[in-house]
Amino acid sequence: MLYLQLWFIVFFGLVEKSMSMHQDQFCQLKAIQECLYPSLGLLEAIESGNEPLSMKECDLLQTSIGCFSVPRCPGNLLKAFRYLVLTVGTTLKKSQYACPNLDVETLGNFLDKGYSVKCEDNKSVKDICDRSCKCKNGKLDSCYRVRKEFTKMSLEERTRFIKAFKMVSSDPRYIREHERIGKVHTVIPAMETFFPWHRWYTLELENLLRQVDCRITIPYWDWSKDAEHWTRGSEIEDTWNEGPHGLGGNGVFPLGCVMNGPFKYGEYSLPQTNGDCLKRNFNYSCKLPNAEKKENILHEANYTVFRNTIVKHHHGPFHKCVGGTLAFYVTAPYSPEFWLLHSYLDKLWVKWKRRNEGSHSDLRDSTKIMVMTGHHPWEYHDEDHLPGGVKISYEE
C-alpha cells in the first residue's frame with residue numbers, strides 16, 4: 001500500500017500543474033485522484049493491518065474499486081494503475097483483517113475485456129471510451145468523440161449521461177470544478193465569438209463528465225424534427241420523459257419546480273444555491289424553428305447572417321420557451337437542457353461550415369482572447385483539431 005500512497009502524492013502534484021497537457025493524459029491523472037479520494041484516509045490503516053476494517057471503511061474501499069471498474073479515460077497510465085488497484089484489492093479480500101466481501105471481480109473482468117480492441121488497418125473501430133477511431137499500423141488513430149441525438153440514443157446511454165450530470169453537481173470529487181464551470185456563464189461572450197466560445201464551454205463540461213465515465217459526450221436535441229410537439233414527454237424517447245432516461249417535465253405551480261423525473265424536487269438542486277429546485281415554465285404557444293427553417297439557414301452563405309439568425313431565432317427562443325432556470329443567464333448551465341441546446345447549435349455550425357468552407361475567416365484570423373477562456377476563437381474553429389488533442393463529430 002505504500003506504493004499506492006506514493007503514486008497518489010505524485011499524481012496529485014502533477015494534476016494541479018497539468019492543465020496544458022493532452023486531454024487524455026490529464027483525464028487519466030484526474031481519474032486516479034478522484035477514484036482514490038473516497039478511501040484516501042484509510043491507506044495508513046490498511047498498510048498497518050493491525051485491526052480489522054469496519055463495514056463503513058470497506059464500503060469506502062469498494063467505492064474506490066468500483067470507480068476504477070468503468071471506462072474513464074483511454075491510456076496505459078490508468079490501465080497500469082487499475083492493475084495495481086486490482087492486486088491490492090485482491091490481497092485485502094483474502095486478508096482476515098480486511099474486507100472479505102470486496103468485489104474485485106468486476107474490475108478484473110473490465111481489465112480482461114475492456115482493453116481488448118481488435119484493430120485492422122484502414123477500418124473504423126470503437127475504443128474503450130466509445131470514440132470512433134481509425135486503425136493505422138495496428139494502432140488506434142484519429143479518435144473522435146461522437147455526440148448523439150438525445151431522442152435517438154439508447155435508454156442506457158441517456159441514463160448514463162443523466163447520472164453523471166447529477167453526480168458532478170453534488171459529489172465532493174467533482175463539485176469544485178462543476179461550480180467553476182457554472183460561474184463562467186455569469187459573463188456574456190461577444191457575439192462574434194458565440195460559436196467558438198460555446199464550443200469551448202460545452203467541452204469544459206464534457207471533459208468533467210468523462211472523468212466519471214469516458215463514454216459520455218454531450219448529447220444534442222434536434223427539436224426541429226418535431227417542432228410542433230417540443231413540449232411532449234409521454235413517449236419513451238421524448239426528451240421530457242419522466243423516466244430515469246428523460247429530463248422530467250414542466251414545472252408545477254406555484255414555484256415552477258420540476259416534480260417528476262431524475263431532476264425532480266428533492267433529488268436535484270441547483271449548485272451554489274440554498275437548495276433551489278430546477279424550474280421550468282413551458283410557453284406552450286412557442287413555435288421553435290422547424291426542419292424547413294433549419295435547412296433554410298444552413299443554406300445562408302453569409303456567416304454573420306447565419307450566426308445572428310441562430311442566436312436570435314434558435315438560441316434565444318429555446319431559453320425563453322422552456323423558461324424557469326434556463327431563462328436566467330446565471331442559472332441556465334445548471335439545467336441539463338442547456339447543454340443539449342448548445343450541442344445542437346454546435347452541430348448546426350459544423351454542418352454550415354461544411355457547406356460554406358472559407359467564408360468566415362474572421363474567426364481564424366482573430367487575435368482576441370475569448371472572455372473567461374484564455375483561448376483564441378480560431379483554436380475552437382476546427383472540430384477535427386481542438387486543444388488537448390480532442391476531436392468531435394456528430395451522429396445523424
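Let me begin with Tyr-265, which sits in the loop between strand 5 (257–258) and helix 10, where helices (H or I, at least four residues) and strands (E, at least two) are DSSP runs numbered from the N terminus. This is a predicted model, in which local features need pLDDT of at least 70 and side-chain atom pairs count only at pLDDT 80 or more, while totals for chains, interfaces and linings use all residues. Residues are numbered from 1 along each chain as its sequence is written, and side-chain values use heavy atoms, with hydrogens and water left out.

Is Tyr-265 buried or exposed? Tyr-265 counts as exposed because its relative accessibility is 53%, given that buried means under 20% relative accessible area, exposed over 50%, and partly exposed in between (1.4 Å probe, protein chains only). Together with Val-252, Phe-253 and Met-259, Tyr-265 makes a nonpolar surface patch of about 500 Å²; patches of this kind are made of residues with over 30% relative accessible area and no salt bridge, with nonpolar side chains joined within 5 Å and like charges within 9 Å.

Turning to the interior, buried residues make up 52% of the 396 residues in the chain. Leaving aside residues up to four places away in sequence, Leu-209 touches Phe-161, Ala-164, Phe-165, Val-168, Ile-216 and Ile-218, where contact means heavy atoms within 4.5 Å.

Now the strands, which pair if DSSP finds at least two bridges between them. Strand 2 (residues 132–136) and strand 3 (residues 139–147) pair in the antiparallel sense over four bridges, and Cys-135 stands opposite Leu-140 in strand 3. Their hairpin has two residues between the strands, and in it Asn-137 takes a positive phi near 55°. Strand 3 also pairs with strand 6, in the parallel sense and over three bridges, with Arg-147 opposite Tyr-394 in strand 6.

Terms used. Accessible areas come from the Shrake-Rupley method with a 1.4 Å probe; for residues, only the protein chains shown count as cover. A salt bridge is a side-chain nitrogen of Lys or Arg within 4 Å of a carboxyl oxygen of Asp or Glu.
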